[in-house]
Structures are given as structure tokens and as C-alpha cells.
Amino acid sequence: MRPRLRGRAALVRYADDFVMVFETEEDARRVAEVLPKRFGKYGLRLHPEKTRLVRFERPDSRPPPSGGDGGGPSSFDLLGFTHFWGKSRKGSWVVKRKTAKDRVSRVLRHISIWCGLNRHRPIEEQHIALVRKLRGHDAYYGITGNARALAVMRQWVRRIWQKWLNRRSWKAGMTWTHMNRLLGAFPLPPARVVHSIYRTAKP
């Protein structure tokens, strides 16, 4: 398709997920019309809920429109991350990423189910399992710019753990005073940016 496009274009793909980036809206719409037909030749189809056109322009690339939906930059999800525009440490506009909301909800739901099913196990065993889950989460989502989302995840996991420990018996006893004391003995690991561009950047 590229020789027939008016502007620059690029494709970023992982397995069956991909994002196509176009310099002009006209090219994006032309490809969006043709792509389903190309897929159909091979018995494939685009996911109806995941496929959409997004105006993803740098915030200072053009003045805001006078009418309509307000225009401006948007965001999109890919591989569990929400991509959006933000300022770098030096004040330049860059594309940033944070954990997508649906992935956060999914992880917390699974942790809540696990805590509920294992609330009567020894605290030491629960602690080891939760530490592994959080470190596994960081191994994927621990990227530059996503530290805040990782820290918020810890806060929710503490609340979930406290809720289920409080339900170990009919007599509630795990108040936050007791929980903070427990976390002092069995702390959850701090958020860790595993994949940092600053550690791998050349001087």
C-alpha cells in the first residue's frame, strides 16, 4: 500500500495485534476501507471492537478546532498499555505509556479471587504468593513512565489483602492498624521499573 500513499506510514506489529500510523488522515481512511477486503481474501477479519481510527497528534501540532468534538490528541491501547501524549523530563512532547484500565481491573480481580480462596493459608504463604504476583506484574508493565500505575497497583493489592484477611472469621479483626503492623513484618515489594530507557541509554 505504501507506494500509493500521499504521506509517510509505518506499521508496528506483535503477533496478531498491530497499529498502523499515517501522516495524513486521508491515507488512514483509505487503508481502513481497503484493509477488511485484504483480510477477507485470507479468511481473516478485523476485530470489530478493537479496530478504530484515532487522531493521535502531538498537542502543539495544530490549533484546536472551533467546533465539533473538541479535537485534540487522543489515546489508544496496545498490548496492555494505553499510549498517550505527555511531557518528557526536558519538557518535550513524547508518547507515554501506562497500564490500560482493563488490564488493571483484570489483574486486581484475579488477585481478589486468589486472596479469597486462600485467606485461611498462613500469612507467610500468602505473602510469598503476592510478592511473586507483583514482581511478575512489574516484569511486563514495569516500563519507563509507568511507575505511578505500578505504585497504585500496590495500594489496591494492600486493600484487597486486608479485606480478605478481615474475613478469615466471623469476628472481624484485621483493622488497618493491625494490617499496617503486618505489612511491617511482611512488606509488599516496592514498584520497580524493570525496563528503563535511562538504564539502557548510552551516555
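1. A helix here is a DSSP run of H or I with at least four residues, numbered from the N terminus. His127 sits in one such run, helix H3. The model is a predicted one, and every remark below should be read with that in mind.

2. His127 is buried: its relative accessible area is 14%, and the cut-off for that label is under 20%. A polar atom of the His127 side chain lies 2.7 Å from the backbone oxygen of Pro187. With neighbours up to four places away in sequence set aside, His127 is in contact with Trp161, Phe186, Pro187 and Leu188.

3. How do the axes of H3 and H4 cross? They come within 12 Å and cross at roughly 155°. Because angles over 145 degrees count as roughly antiparallel, H3 is roughly antiparallel to H4. On the H3 side the contact is made by Ile123, Gln126, His127, Leu130, Leu134, His137, Asp138 and Tyr141, and on the H4 side by Leu150, Met153, Arg154, Val157, Trp161 and Leu165. The crossing is right-handed.

4. The pair H2 and H3 can be described in the same terms. Their axes come within 12 Å, with a crossing angle of roughly 165°, so H2 and H3 are roughly antiparallel to each other. This crossing is right-handed. H2 contributes Arg103, Val107, Ile111, Trp114 and Cys115, which meet Gln126, Ala129, Leu130, Lys133, His137 and Tyr141 of H3.

5. Next, the core. The largest nonpolar core has 17 residues, and Val157 and Trp161 are those with the most contacts inside it. Two or more residues come from each of H2, H3, helix H4 (147-165) and helix H5 (176-185). H4 supplies the largest share, 6 residues. As background, nonpolar side chains tend to be buried together in soluble globular proteins.

6. Which residues does Val157 touch, not counting those up to four places away in sequence? They are Leu108, Ile111, Leu130, Leu134 and Leu188. Val157 is also among the H4 residues that make the contact with H3.

7. The loop between helix H2 (101-117) and helix H3 (123-141) holds Asn118. Asn118 is buried, since its relative accessible area is 13%. Its side chain reaches the backbone oxygen of Trp114 at 2.8 Å. Trp114 is one of the H2 residues that meet H3.

8. Is His120 buried or exposed? His120, which is also found in the loop between H2 and H3, counts as exposed, because its relative accessibility is 53% and the cut-off for that label is over 50%. Leaving aside neighbours within four places in sequence, His120 is in contact with Gln126 and Arg168. Gln126 is listed in the H2 and H3 contact and in the H3 and H4 contact.

9. Two C-alpha to C-alpha separations may be worth noting. His120 and Pro59 are 51 Å apart in space and 61 residues apart in sequence. For Arg38 and Asp138 the values are 38 Å in space and 100 residues in sequence.

10. Arg38 lies in helix H1 (residues 25-40). At 38% relative accessibility, Arg38 counts as partly exposed, the label for values between the buried and exposed cut-offs.

Note on methods: Residues numbered from 1 in each chain as written. Predicted model: local features only at pLDDT ≥ 70, side-chain atom pairs only at ≥ 80, totals over all residues. Heavy atoms only, no water. Buried < 20%, exposed > 50% of the residue type's maximum accessible area, 1.4 Å probe, protein only. Polar contact = N/O pair within 3.5 Å; in protein donor to acceptor, adjacent residues only side chain to side chain. Core = buried A, V, L, I, M, F, W, Y, C linked by side-chain atoms within 4.5 Å. Contact = heavy atoms within 4.5 Å. Axes fitted to C-alpha atoms, helices over the stretch in contact; angles between N-to-C directions. Parallel < 35°, antiparallel > 145°, perpendicular 65-115°, else oblique. Left-handed = near helix turned anticlockwise from the far one by under 90°.
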